[in-house]
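Let's take a friendly walk through the sheets and helices of a protein model. Have a look at the sequence and the 3D view below before reading on.

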Amino acid sequence: MDNNRERLLKIENLKKHFKIDRNTVLKAVDGISFDIYKGETFGLVGESGCGKSTAGRTILRLHEATEGEVYFADENVHTKKSAKQLKKFNRSMQMIFQDPYASLNPRMTVKDIIAEGIDIHGLAKNKQDRLNRINSLLETVGLNRDHGNRYPHEFSGGQRQRIGIARALAVDPDFIVADEPISALDVSIQAQVVNLLKRLQKERGLTFLFIAHDLSMVKHISDRVGVMYLGNMAEIAASDDLYAEPLHPYTQALLSAIPIADPKVERSRDRIIVEGDVPSPVDPPSGCRFRTRCPFAMDVCAKVDPVFQKYKKDHWVACHLYDEDYNEDYKVIQ
Ligand SMILES: Nc1ncnc2c1ncn2[C@@H]1O[C@H](COP(=O)(O)OP(=O)(O)OP(=O)(O)O)[C@@H](O)[C@H]1O
Ligand SMILES: [Mg+2]
């Protein structure tokens with residue numbers, strides 16, 4: 001998209017369909033395309049079930065893609081690779097999970113949990129080196145050496161998430177998918193974990209795909225944000241731009257749901273309320289998937305799937321309101 005930024009990942013028309021039974025296919029991710037630049041945090045938001053986790057997992061190849069491509073540093077991740085190449089990818093790309101209770105094996109010591117990747121990839125020269133690496137990782141995430149000999153249940157949610165982060169860092173990855181890493185934590189702890197992730201990003205030049213339910217959570221951490229709806233990408237923009245000028249009615253609705261502290265602004269703003277539930281990804285609406293809940297839906301929206309197009313620098317949207325062919329009132333700014 002931009003010349004002065006280095007692209008780390010390119011996701012092209014990625015699809016992940018789950019076969020539920022003989023006649024039913026659930027289109028969890030249904031053709032999303034976007035780039036992730038080196039060193040940035042790309043926030044991915046959308047309501048529950050819109051396909052965020054599936055997208056994150058498919059990018060890491062924890063799911064096989066149904067269609068589409070993922071390029072990591074210009075290498076195709078999804079073409080069949082040798083075991084050695086796959087191991088290299090696995091090392092470069094790590095995941096931090098939402099639930100710090102379920103994602104840590106309760107029968108393993110923290111030391112062994114953190115060292116999983118070190119062991120798999122044979123990174124430690126000897127026992128002492130292994131221990132040194134574990135201790136250094138514990139310190140990096142704000143825990144101490146003694147914690148290594150304990151078990152996950154002895155820790156609070158925030159501490160467990162730190163353990164999960166240390167585990168991901170152990171193999172020195174370039175790219176981390178953080179799937180709602182703070183959603184399960186107390187509000188008071190959330191900022192601490194976000195600050196830790198930010199510091200680590202700076203120190204280690206990490207690139208993040210940061211998944212969250214609502215826009216308020218990703219606002220401060222993301223450089224750019226992508227908004228998903230029912231397996232599709234509705235809008236992508238630089239974080240500030242998305243909040244200042246949301247284009248897609250769905251993004252506008254998500255932002256409307258965030259309370260504004262200033263009561264004057266709160267009273268004066270236009271709220272966009274969407275009604276009804278998200279339709280089923282087994283049988284999504286024709287044309288634009290959001291049209292059944294969109295307050296601005298036009299006739300064309302049921303017939304033609306809107307193209308994901310550039311509206312202005314760094315701001316992309318899939319909506320017929322920004323399509324000159326269908327909405328005369330609107331001028332697309334290139
Ligand atoms: N392994 C699976 N088999 C079948 N269906 C699945 C599977 N994983 C996810 N789904 C379905 O795919 C859709 C997208 O799910 P996904 O977990 O990716 O959404 P999400 O945006 O991460 O939601 P949440 O915010 O609740 O975490 C949902 O309808 C879900 O039920
Ligand atoms: Mg999820």
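This is a predicted model: local features need pLDDT of at least 70, side-chain atom pairs count only at pLDDT 80 or more; totals for chains, interfaces and linings use all residues.

Two strands pair if DSSP finds at least two bridges between them, and the names come from DSSP runs numbered from the N terminus (strands: E, at least two residues; helices: H or I, at least four).

An open sheet of eight strands has the order β6-β7-β8-β3-β9-β10-β12-β11, with mixed pairing. The edge strands here are β6 (93-96) and β11 (309-312), each pairing on one side only.

| Strands | Sense and bridges | Partner residues |
|---|---|---|
| β1 (7-21) and β4 (67-72) | antiparallel, five bridges | Leu-9 and Phe-72 |

Which strands does α1 lie across? Helix α1 (residues 52-59) lies across β3, β6, β7, β8 and β9, at about 155° to β8. Contact means heavy atoms within 4.5 Å; axes are lines fitted to C-alpha atoms, for helices over the stretch in contact, and angles run from 0 to 180 degrees between N-to-C directions.

Residues are numbered from 1 along each chain as its sequence is written, and chains are lettered from A and ligands numbered from 1 in the order in which they are written. Local features need pLDDT of at least 70, side-chain atom pairs count only at pLDDT 80 or more, and totals for chains, interfaces and linings use all residues, while side-chain values use heavy atoms, leaving out hydrogens and water.
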